Amino acid sequence: MPAQRPSMDWPRIVKQLGESAVRPNLVDYERSCAEFTWDDARGALDGLPGGLGLNIAHEAVDRHASGPRAHHVALRCLGRHGEVRELTYSDLRDATNRFANALEALGVQAGERVFVLTGRLPELPIAVLGALKRGAVVCPLFSAFGPEPIRERLERGDGRVLVTTEVLYRRKVEPLRATLSQLDHVLLVGTGDTATSVPGTIDLATTLSAASPIYEIPATSPEAMALLHFTSGTTGAPKGAVHVHAAVIAHHATGRFALDLHPDDVYWCTADPGWVTGMSYGIISPLTHGVTSIVDEREFDARRWYQTLQDQRVTVWYTSPTAVRMLMKAGREVAKEFDLRALRFVASVGEPLNPEAVAWGAEVLGLPIHDNWWQTETGGIMISNYAAVDIKPGSMGRPLPGVEAAILRRDEKGRVVVRDGEAEESAPGEEGELALRPGWPSMFRGYLHDDERYRACFQAGWYLSGDLASRDADGYFWFVGRGDDMIKSAGHLIGPFEVESALMEHPAVAEAGVIGKPDPVAGEIVKAFVVLRPGNDATDELRLELIGFGRKRLGAAIAPKEIAFADDLPKTRSGKIMRRLLRARELGLPEGDLSTLEVTQ
Ligand code: ATP
Ligand code: MG
């Protein structure tokens, strides 16, 4: 197990920087956990005036807009051509009120579904939060989806309203509009100053300016459905996870502890808005803290990203291991051209974060990267590393205050092993399934149209995540792999992450994806697909060297027996390596649901 590395020695930092240093929200992990209750976390929010319940949009927008933060910038939107648009909390309240009024005028009722299909534009949070004010249910889609995944989700989710751009509409929705019988209204974000006049659609800008900026959020039950998120589809067809307004309690509390958000932060979440991270931590959580959130319309570019961190003086940055690996691939010289000293906290989610990447962050960004773990189903961060708590590189960290996590075992029939009426937890270091005790507010309340599948996630009083992990004696959790990606080779159960991380320690390797390939003797053998860093040639010599390197690091039983070089690895739009696709292609099997596959330009 790698040695402990302190991520932030708080007393030392105060000594160096004086009291102006930002004091982390969580300094003493054990104490924060012991003192935490979800009731207190609910108490940190306002609730709707007059005791009318709890609405996400009120907590994210209105409570700041009616207080001293009204004129604080909520969103700083960086456009495709370098243009900047700022919205204060008060601007955002008015715009979202207008959107809610527009929905009301269209006859949209509480519980009806509003889908959003746009890139990172200011209209997106306006539509999301405006729809939540109205009591409608929001479902975001990846703007890179083709027509079929859009049609399929709109139909499955009973989409009544769609907010999209003129370009996306013409390309992806118009051709199949006739088949979408439930879709009554399409609101279009135009391309310029003039109103769009696409038949069968409504121009959003015109509608918003005609609507009143005053809106009273109706009574909202904390258990009212608020969000519908389709999972990433990494392991199979995406499932529709249902979330309720009470989720905002977890969005706020986890933003405080896991992202260390403070009101004066400039925060940047790079997640695609079609993915749950783009919602929970791209829109809701930062706004509940009253921070300034950067919304960057453009896609990844190493130099421009560093430039954005520098110019916007980003203090808290939430990104993904894939993005970190792409920055690593671009080389550390690029980073040296920029002043990144405003940054004080960096976190990542979505995939295992290789220890190599944590160390790279410490060296190049001047800060280690804090891995955290969660899923569409959990709605918010569940396991995390914290600003003022030791990091063990390669570990996902420890459960958030208020979250109880365990490693459980299943028998051959898939039943959780129970002793004396209680699920039996694995011993430290032993691998098993990562499980959570139900009851946190952002827990999904169902899979859309799939009750059976939802119920199957719960056993013996636990939610079973489908991920394999272990917990060490200090309570840190270590990701092993998704249940579906595990490799069984000659009696060993091998998680791809361990093999991928070892390969990434080789200087020629930028990225690796590892699968099990059927073998008559071993059952499966480990095969790795390797993307090289620029300047390395895909030679047989290098292949042999990597096989030897793997054996030295991992031992013969776990090391890859086969290595293939690839220009790229297939990934989801949320940046996850699709090992099931690597495997299907290797074996000539059907490729399955590819709706979330990122198509590289
Ligand atoms: P599907 O369920 O449709 O196959 P998915 O599980 O990839 O897709 P998401 O809910 O977006 O959909 O992703 C959650 C999963 O991502 C987790 O279950 C886990 O496998 C992986 N993951 C997220 N964060 C981490 C992390 N820090 N370390 C390792 N894996 C992570
Ligand atoms: Mg999943």
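Q: In strand 1 (residues 73–78), how many residues are buried?
A: Strand 1 is mostly covered, with six of its six residues buried. Buried means under 20% relative accessible area, exposed over 50%, and partly exposed in between, with a 1.4 Å probe and protein chains only. The model is predicted: local features need pLDDT of at least 70, side-chain atom pairs count only at pLDDT 80 or more, and totals for chains, interfaces and linings use all residues. Residues are numbered from 1 along each chain as its sequence is written, chains are lettered from A and ligands numbered from 1 in the order in which they are written, and side-chain values use heavy atoms, with hydrogens and water left out.

Q: What joins strand 1 to strand 2?
A: Five bridges join strand 1 to strand 2 (residues 84–88), and the two run antiparallel. Strands are DSSP runs of E with at least two residues, helices are runs of H or I with at least four, and both are numbered from the N terminus. Two strands pair if DSSP finds at least two bridges between them. Within this pair, arginine 76 stands opposite glutamate 86.

Q: And the hairpin, which residue there takes a positive phi?
A: That residue is glycine 82, with a phi near 85 degrees, and the hairpin has five residues between its strands.

Q: In which sense do strand 1 and strand 11 pair?
A: Strand 1 pairs with strand 11 (residues 292–296) in the parallel sense, over four bridges. There, leucine 78 has aspartate 296 as its bridge partner.

Q: New topic: what is the order of the strands in the open sheet of three?
A: The order is 27-28-29, and the pairing is mixed. Strand 27 (509–519) and strand 29 (562–565) are at the edges with a single partner strand each, so one side of each has no neighbour in the sheet. From one strand to the next, the twist averages 25 degrees.

Q: How many bridges join strand 27 to strand 28?
A: Ten bridges join strand 27 to strand 28 (residues 523–532), and these strands are antiparallel. Glutamate 511, for instance, faces valine 531 in strand 28.

Q: Which strands does helix 19 touch?
A: Helix 19 (residues 579–587) packs on the sheet and touches strand 27, strand 28 and strand 29. Its direction makes about 55 degrees with that of strand 27. Helix 17 (residues 496–504) also lies across strand 27, strand 28 and strand 29, running at about 140 degrees to strand 27. Contact means heavy atoms within 4.5 Å. Axes are lines fitted to C-alpha atoms, for helices over the stretch in contact, and angles run from 0 to 180 degrees between N-to-C directions.

Q: Now ligand 1: how far is its oxygen atom from the side chain of threonine 376?
A: An oxygen atom of ligand 1 lies 2.5 Å from an N or O atom in the side chain of threonine 376. For lysine 576, the distance from a side-chain N or O atom to an oxygen atom of ligand 1 is 2.8 Å.

Q: How much of ligand 1 does the protein bury?
A: Taken alone, ligand 1 exposes 630 Å², and the protein buries 97% of that. Accessible areas come from the Shrake-Rupley method with a 1.4 Å probe; for residues, only the protein chains shown count as cover.

Q: Last one: where does aspartate 472 lie?
A: Aspartate 472 lies in the loop between strand 23 (462–471) and strand 24 (477–482). Its relative accessibility is 7%, so aspartate 472 counts as buried.

How values were computed: Polar contact = N/O pair within 3.5 Å; in protein donor to acceptor, adjacent residues only side chain to side chain.
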